[in-house]
Amino acid sequence: MDLELWSVRPLWLTVLAALWGAAAGLLVPRAAYRFAVEPDEAWRTRCPDGHVLTGAAGGWLGLARCPDCAQDLRDFRTSRSAPGDAGRVSGDAGRVPGDAGRVPGGAGRMPGDAPTAYRYGPGTPLVALATAGTCAGLALATGARPELAVWLLLAPLGVLLAVVDFRVQRLPDVLTLPFAGLALVLLGVTALAPEHAGEWPTALFGSLVLGGAYFLLFLVNPNGMGFGDVKLALGIGAVLGWYGWGTVVLGTFAGFLFGGLYGLGLVLMRRAGRKTSIPFGPFLITGAYVGLLIGAYAA
């Protein structure tokens, strides 16, 4: 009977983890869109058509959809179908003088143009599916141990970091540093719970060692290793260090392997040169994920 319960429990954990990942993944594209800006630029506060982003937490939480653009699109379709109104967007009456030919909040869009930004940012279904799969894999590998809650909380943040870095080659400090601090704090609390399978001191030292190693790489070759990667390595080292130094080495090696294969593929397809910079954050995170899966399963 105990064996049967053990075989069923991971299945339910996996389903619940996947549902959590899907729900959290629905919120990633909006945040990714807002964070995906060039260095020294302010975070985005408007959709591509110029409407102010509203919602919970100052507009940071919510789906990557613009209700104002949706309304503009409905008005556009209505105006196109109404006799004698071709090319006019309904609801434009009363525009401020001097704004002729511009839809309010439309960032220069002309009245005859359809709204373009009802959905924005990375594809929501794909991101939600990727986050769900990530969380399901963590549940399968970790089982019903207390550190699973930490992995599930950090996984959407890791997906967000990977998406932003892949889009604009930037790892924002407001994400990387809290990721490291949150990992260490949550793992410290987990170390007090029974039946955990890791060690918090190794997580702390793993954070310091991996962050220090990446800092040295940054000093040797600043063009090949961004300082955002150094800050991200602090959190990655904490997560991998929980399961020991072998997991740290494995996850780090996997990250460099994936990054190298991606760069080689771009060169072979003639889409990049030998000195072309690539976003390393997604591969650092993917390698850590592989190392974490193996470390959790072997623990």
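A residue counts as buried here when its relative accessible area is under 20%. With that in hand, let's take a look around this predicted model. Of the chain's 299 residues, 45% count as buried.

What is the chain built from? There are 11 helices and 0 strands. Read from the N terminus, the elements simply go α-α-α-α-α-α-α-α-α-α-α.

**Two helices side by side**

Take helix α9 (residues 227-241) and helix α11 (residues 281-298). Their axes are 10 Å apart, and the helices pack at an angle of about 5 degrees. That angle is why α9 counts as roughly parallel to α11, since the cut-off for that label is under 35 degrees.

Which residues of α9 and α11 meet? On the α9 side they are Asp 229, Leu 232, Ala 233, Ile 236, Val 239 and Leu 240, and on the α11 side Gly 281, Leu 284, Ile 285, Ala 288, Gly 291 and Leu 292. Sorted by class, this contact has 9 nonpolar, 2 polar and 1 charged residues.

**Rings and their partners**

Now for the aromatic residues. The count comes to 12 aromatic pairs. A pair of aromatic rings is described by the distance of the centres and the angle of the planes. One of the pairs is Trp 151 with Tyr 243: the ring centres are 6.0 Å apart and the planes lie at 55 degrees, so this pair is tilted.

Where do these two rings come from? Trp 151 belongs to helix α6 (residues 147-168), while Tyr 243 is in the loop between α9 and α10 (245-268), so the pair ties together parts that are 92 residues apart in sequence. Are they buried or exposed? Trp 151 has a relative accessibility of 2%, so it counts as buried. Tyr 243 comes in at 13%, and so it counts as buried as well.

Elsewhere, Phe 35, Trp 43 and Trp 60 make up one aromatic cluster.

Notes: Residues are numbered from 1 along each chain as its sequence is written. This is a predicted model: local features need pLDDT of at least 70, side-chain atom pairs count only at pLDDT 80 or more; totals for chains, interfaces and linings use all residues. Side-chain values use heavy atoms; hydrogens and water are left out. Axes are lines fitted to C-alpha atoms, for helices over the stretch in contact, and angles run from 0 to 180 degrees between N-to-C directions. Helices (H or I, at least four residues) and strands (E, at least two) are DSSP runs, numbered from the N terminus. Angles under 35 degrees count as roughly parallel, over 145 as roughly antiparallel, 65 to 115 as roughly perpendicular and the rest as oblique. Contact means heavy atoms within 4.5 Å. Ala, Val, Leu, Ile, Met, Phe, Trp, Tyr, Cys and Pro count as nonpolar, Asp, Glu, Lys and Arg as charged, and the others, Gly among them, as polar. Rings of Phe, Tyr and Trp (its six-membered ring) pair if their centres lie within 6.5 Å; planes under 30 degrees apart count as stacked, over 60 as edge-to-face and the rest as tilted. Buried means under 20% relative accessible area, exposed over 50%, partly exposed in between (1.4 Å probe, protein chains only).
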